[in-house]
Every structure is written in structure tokens, then in C-alpha cells.
Amino acid sequence: MRCKQFVFAITLLLTSSYAQSAELPHAAPGSVGFSPERLARLSAVLQVGVETSEIPGYVALVARRGKVVFVDVQGEQDPNKSVAMSDDSIFRIYSMTKPITSVAALVLVEEGKINLGDPIHMYLPELSGLTVIGHDGQDATNATPITVLDLLRHTSGLTYAFLKPYLNDSPLEQMYLDGGINDLEINNAELVTRLSRLPLKYEPGSTWFYGRSTDVLGRLIEVVSGVTLETFFQQRILGPLGMKDTSFRVVQGKADRLAQPFARDREGLILPYTDPLGGVLFEAGGQGLTSTVRDYARFLQMLLNKGELDGVRILGRKTVELMTMDHVGDAVDRGPLFLPGQSHGFGLGVAVRTTGVRAPVMLNSMIGSVGEYFWAGYAGTYFWVDPQEDLFGIYMMQSVANLSNYAQKFKRHVLYSLVD
């Protein structure tokens, strides 16, 4: 443990010089095609949640053409201590970790250390010889190998235990619970070991289904790179981009910036709020990071710039295009988690809008552009990137129950404010 802490400290020291330019430039809304009056309406809409005590507080940010044009900070960061929200408040971003892990994997792809078509048992041999669960929950058939691509686009056949209440017949999700897949006191290696003892939900490559794919991808990154996932993130993505407040852990000097929910928002949750202030062991590539709106803005601007920010290149232009195109298409069954009339597919770590206006699905409202990509985090965080309009938006709070409502309001009213 001391060795890991030492390596982490050295990594932060080596990357600290990158953190000097940790804010994107700001501009007046009108200079990039936004109406200031209409953006003011956005603030009024979002503030209702704070005024009615539906949510403790939030931070929202909008950027266009490489410049921040809107930052709205309202409410309390910690309602138990009456601490005001700040634009550098730190949030548990849960599944907004997934795009960062996916970029990390694509860094290794560009370096030729892994290939999208590689069977993952080349790197994680314990995941060879897997089976697919039968309809009766007992009989199983041999599975074809899971590939790196399957992990990136969620066609691996892996599932999530927390989906059990949403599925009519879910013996595998119960097996996940019984097998300790939800434990937080394990590391990535142990997670893979436990998953190796269980069957898959679907034949790999056949069906899109949200699950532990990106957590397994995090372990694969560790094995191939030879360092912990945190270290790889810091060395190859977070440090170079100046994302100085993004980590699996919130260190003591930053503890007073961690956003917290209302006490009632912790009750009856399928997944508990994590404790990034404690001794975090599980560096979960699918759900573990904490971050700020400022930091995540730099990550999204890098993607919008096709892989580069402030002279630092993380990915090549064509790799970002590959990441943000649909990899589900008609060849893959969309499974029960896609809603009828869907207007999107899924890329490599992000959902991607593939058609014009249809029924609203996931956390993306009807209004928007073909080619935009987006994702969200369980405890109240959301982003979307619109390459056609050269803009992105980020919304962060800590309220599980209210995410969909406020994410959609946020996106709609941002787009209502475009006037050029």
C-alpha cells in the first residue's frame, strides 16, 4: 500500500506543471451566438430546484467555440454544514468516469499495445472459457470470446447487479449480488476474478447491455500498462489536461469541497453514495472518479477539438471520430434497456445521437443535433457534446432522484438560447 501511495504522489508531482492552465477561456455569450437574456432564463429554470429544496445545489457550465459562456452556481455544496456551492466543488461523477476510461484504452490502442478486435483473455486469462446463462438460470452454453471492442461499446454480455429491480427475470443479477460483485472493498483484479466465476447475460457481440464492461476495461488497462488505473489516468490524461481535481480519491486538503446530498437522498438507493474521503481501494473504471465542472470541461473540450487541448494531444483526430460514432447499428440487438423509438446508438464509451427528432430516450431530450454524444453519472451529473454547434454543456449536482429531470431541462434551455 505504501508503495502505491508513493507512486501516486510521484505521479502527481510529475504532472503538477500541467495544472497551471486549468481553466478554459471565457467569453461574452453574444460573441459566440448565445442570447444573454435567454441564458438568464436557464438560470431561473435551474434555480427552482434549489428554491423548492428539491436539490441542495448545482454547478452548470456551457462552452462554445472553445470558450466558456455560462457558469451558474447555486445552493449548498453540503446541506449538513451549510457550505455554499462553488464552481470548484468536487462531485462523485459515477458513470461519467466511463468516457475517461474509454479514452485511456484508446491511448493504448493508438500505441499498438492492444487492438479493438483482441479477445480480452489475451490480457485477462481468467476470463477465458466463459459461459452464457440459460433461460432457466441454470443451463449455460459456451460463450465466444469478449473483445476489447465489446467492453468499449457494452456488448460484452456483462451486467450490473443494481439492474435487478428493473428486470422481470434476473437470476444473473442475483448471482452478481451473491458473488460480491457490488463490493467496494476489492480491487480491479479481484473484481475480474469474481466475474470469471459467473456466466454472461448475452453472447458477446450480440446485444447492447449496460454493465461492468468498463470496470473490466480498467483492469485491462492496468495489466497492459503495468501501473494502477489512477496512475495511468494521471500520467496520460488528467495531468496533461490540467485536470487537477479529478481522482478516485478526495485528499484531505480538498475534503471541504466535496458535494453532498440531502440526507433523504441517501435513503433507499440501489447504489450507495461512495466515500472518496476514505481509503479507496476499488479504482473503478466505470464509476469511481470524482471531478469538478472545470476539470470535466477540459476533458470535453479536448474531445471537441478532436483529441487536443492547449498544445497537448491525447488522441488522434480519427480516433476521436471512431469513439464518437455509433458502433451498435443494426447488427447488434439493442436489448431491453433501449427504449422504443430511440434516437441514439452507442460509441466507444458514449451514447451517440444517430437520427433526428424522435421520442426522448436515456437522458437526452428531443432537441439536439445528429452526431452529438453524451452520458451521465448516477448521483446527478450529466454532459453532452454537440460537434455541429461546436458546444458542450455540463451539469453537476448530488441528487440521484432528480437527474433526468434537471439534465433534460438544462440541455433544452441551453439550446433555446442559441440565436446565431
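A: The largest nonpolar core has 119 residues, and Tyr296, Phe299, Phe392 and Phe410 touch the most other members. Such a core is a set of buried Ala, Val, Leu, Ile, Met, Phe, Trp, Tyr and Cys residues joined through side-chain atoms within 4.5 Å; buried means under 20% relative accessible area with a 1.4 Å probe, protein chains only. Helix 9 (residues 293-304) gives this core its largest share, eight residues. Helices here are DSSP runs of H or I, at least four residues, numbered from the N terminus.

The model is predicted: local features need pLDDT of at least 70, side-chain atom pairs count only at pLDDT 80 or more, and totals for chains, interfaces and linings use all residues. Residues are numbered from 1 along each chain as its sequence is written, and side-chain values use heavy atoms, without hydrogens and water.

Now Tyr296. Beyond neighbours within four places in sequence, Tyr296 is in contact (heavy atoms within 4.5 Å) with Ile93, Met96, Pro99, Ile100, Met243, Ser291, Phe383, Ile394 and Met396.

The whole structure holds two cavities of 30 Å³ or more. A cavity is a set of points on a 1 Å grid over the protein atoms alone where a 1.4 Å probe fits but cannot get out; lining residues have an atom within 4 Å of a point.

The largest cavity has a volume of about 40 Å³. Its lining has 10 nonpolar, no polar and no charged residues, among them Ile120, Leu151 and Val216.

The second largest cavity holds about 30 Å³. Its lining has no nonpolar, one polar and six charged residues. Asp88, Lys244, Asp245, Arg257, Thr292, Arg294 and Asp295 line this second cavity.

Key:
Buried means under 20% relative accessible area, exposed over 50%, partly exposed in between (1.4 Å probe, protein chains only). Helices (H or I, at least four residues) and strands (E, at least two) are DSSP runs, numbered from the N terminus. On a 1 Å grid over the protein atoms alone, a cavity is a set of points where a 1.4 Å probe fits but cannot get out, and a pocket is an open set with protein on both sides within 12 Å along at least five of seven lines; lining residues have an atom within 4 Å of a point. Grid points are joined across faces, edges and corners, and a volume is the space filled by probe spheres set on the points. Ala, Val, Leu, Ile, Met, Phe, Trp, Tyr, Cys and Pro count as nonpolar, Asp, Glu, Lys and Arg as charged, and the others, Gly among them, as polar.
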